[in-house]
Amino acid sequence: MAQARRPLGPYDTSEPITPYAQATTYNNFYEFGTGKDDPARLAGSLRTRPWTVLIDGEVRKPVRVDIDTLQSWFPLEDRIYRMRCVEGWSMVMPWLGFPLGALLRRIEPSSKARYVQFTSLYDPKQFPGQRGDVLDWPYVEGLRLDEALHPLSFMAVGLHGRVLPNQNGAPLRLVVPWKYGFKNIKSVVRITLTQKQPRTTWAQAAPDEYGFYANVNPKVPHPRWSQATERRIGELRRRPTLPFNGYADQVASLYKGMDLRRFF
Amino acid sequence: MVVGGLVPAAVLLLDAQTGALGANPVQRAILQTGLLALALLILSLACTPLRMLTGWTWPARIRKALGLLAFFYGVLHFLLYLLDHGFTPAVVLEDVLERPFVTVGFAALVLMLPLALTSGRGAVRRLGFQNWQRLHQLAYVAVGLGVLHFWWGVKKDHTPPLIAALVVAVLFAVRLIRSRRTRARS
């Protein structure tokens, strides 16, 4: 479906948007299965209402909140972001949602909070992929607090002007466009502010292949393939991958002085 | 037989035309040709053990065709990989030299080349049966490397490569046991 073009915001890319049909049928969402078409095929088993999100840990105002209430706290915004998968393909996604920073400011992190940990729903009845132990369920992701507060960090509840499809992480997912796609945890049920760096799922599963930071970096290859190029879905020729997925101007300063080969 | 073995290639071509290969068709075609190459190579190696166990003669008659088809899909797999990287020599060289995952896959294909070239009856005569047979034992090295390539190629779920490894192990065991028995008898 073609989307009516609105004026671009300061965080939007003007690149051609990946069509809805492709963005919703080529997904990594191991809770439904490891195949790219498993999520679209099996996502009907996920029920996204009622849905409660628990926000706790090092916060002054912990809360257990219904997804519709949570959404009503913030005006919904459009964001057209590049999305680069660690496997070497990318899309341009028109998200709908609210900045993660707005949510964090509302629940007020305490002075001890240094990281934000996200947890996906664990329910093998709804997620057939969780009946096997291909990953250590539930899926956990995390950000440093300053990363989470960056204006690019986003919580999506919609895509292409519609409610977020189940296979894309309904009803609530993280979008951090300068990191590899696996950081963008889907179907979030819990957000916990912590003092210690969260033990994130892929970094636990294969620590030599996937790091906590997972910033898009063409100079740090995956052990099994180069990260220097990517295929934009819909294109035949690969294109060069940009540092921080093209968001270096906005986010490189977060990592000043850090060895990005070590903290990959 | 050979014509039948080309049906998957035709289906792949057709799917590519109609968009049935999904959002990332090159990637999908690479995966499917790789799987076909490995499956056909394993099938070609199953012919002799099957003949040993059953006494049937037809497996021996299709062995060559299976082996050649495996090589054909291996080459297609490699060509698609080259296409994926825009036929850029530097990228491919770096992959082959520095990434064990690619190295072993490439080595498996290279090992299959002399086997494909000596698949005719003339070659058996020229080399002598013993030499020819010894040369064609490389197929076991190739399948071992192929399974390793498959193992390293999957991101997390190792069940399919594990099944492939088990099948190869069983086939190898049948031969080993049989040849030992034959030797014990003589």
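In which sense do strand 4 (residues 89-99) and strand 7 of chain A pair, and over how many bridges? The two strands pair in the antiparallel sense, over five bridges. The structure discussed here is a predicted model.

- Strand 7 spans residues 154-159 of chain A, and five of its six residues are buried.

**The five-stranded sheet of chain A**

- Five strands of chain A make up an open sheet in the order 2-1-10-5-6, and their pairing is mixed.
- Strand 2 (63-66) and strand 6 (140-144) of chain A are at the edges; each has a single partner strand, so one side of each is left without a neighbour in the sheet.
- From one strand to the next, the twist averages 15 degrees.
- Within this order, strand 5 (residues 115-120) and strand 10 (residues 188-194) of chain A run antiparallel and are joined by six bridges.
- A:Gln117 has A:Thr192, in strand 10 of chain A, as its bridge partner.

**Nonpolar cores**

- The largest nonpolar core holds 66 residues, of which A:Met93 and A:Ala156 touch the most other members.
- Apart from that core lies another of 33 residues, including B:Ile30, B:Leu38, B:Met112 and B:Ala142.
- Leaving out residues up to four places away in sequence, A:Ala156 touches A:Trp95, A:Leu96, A:Gly97, A:Leu164, A:Arg173 and A:Val175.
- As a general background, nonpolar side chains tend to be buried together in soluble globular proteins.

**Buried residues in loops of chain A**

- A:Phe182 is found in the loop between strand 9 (173-175) and strand 10 of chain A.
- A:Phe182 counts as buried because it has 20 C-beta neighbours inside 10 Å.
- Apart from residues up to four places away in sequence, A:Phe182 touches A:Val86, A:Trp202, A:Tyr210 and A:Ala214.
- A:Phe182 and A:Ile17 are 165 residues apart along the chain, and their C-alpha atoms are separated by 20 Å.
- UniProt, in an unreviewed entry, lists several residues of chain A under "binding site", among them A:Glu31, A:Ser120, A:Arg173 and A:Lys186.
- A:Glu31 lies in the loop between helix 1 (20-23) and helix 2 (38-42) of chain A, and A:Glu31 is buried, with 27 other C-beta atoms within 10 Å.
- Beyond residues up to four places away in sequence, A:Glu31 touches A:Ser120, A:Phe127, A:Gly129, A:Gln130 and A:Tyr139.
- A:Lys186 lies in the loop between strand 9 and strand 10 of chain A, and A:Lys186 is buried, with 28 other C-beta atoms within 10 Å.
- The contacts of A:Lys186, not counting residues up to four places away in sequence, are A:Phe29, A:Ser120, A:Gly169 and A:Arg173.

**The contact between chain A and chain B**

- Chain A contributes 17 residues to the contact, and chain B contributes 13 residues.
- On the side of chain A that touches chain B there are seven nonpolar, four polar and six charged residues.

**Annotated regions of chain B**

- An unreviewed UniProt entry places the feature "domain: Ferric oxidoreductase" at residues 33-146 of chain B.
- Over residues 33-146, chain B is 89% helix and 0% strand, with the end C-alpha atoms 13 Å apart.
- The UniProt annotation "transmembrane region", from an unreviewed entry, covers several spans of chain B, including residues 65-83 and 158-177.
- Residues 65-83 of chain B are 100% helix and 0% strand, and the end C-alpha atoms are 27 Å apart.
- Residues 158-177 of chain B are 95% helix and 0% strand, and the end C-alpha atoms lie 28 Å apart.

Definitions and conventions. Residues are numbered from 1 along each chain as its sequence is written. Chains are lettered from A and ligands numbered from 1 in the order in which they are written. This is a predicted model: local features need pLDDT of at least 70, side-chain atom pairs count only at pLDDT 80 or more; totals for chains, interfaces and linings use all residues. Two residues are in contact if their C-beta atoms, placed from the backbone, lie within 7 Å. Ala, Val, Leu, Ile, Met, Phe, Trp, Tyr, Cys and Pro count as nonpolar, Asp, Glu, Lys and Arg as charged, and the others, Gly among them, as polar. Two strands pair if DSSP finds at least two bridges between them. Helices (H or I, at least four residues) and strands (E, at least two) are DSSP runs, numbered from the N terminus. Axes are lines fitted to C-alpha atoms, for helices over the stretch in contact, and angles run from 0 to 180 degrees between N-to-C directions. A nonpolar core is a set of buried Ala, Val, Leu, Ile, Met, Phe, Trp, Tyr and Cys residues joined through C-beta atoms within 7 Å. A residue is buried if 20 or more other C-beta atoms lie within 10 Å of its own, exposed if 12 or fewer, and partly exposed in between; C-beta atoms are placed from the backbone. UniProt positions are given in the numbering used here, feature names are shortened, and annotations may be inferred rather than shown by experiment.
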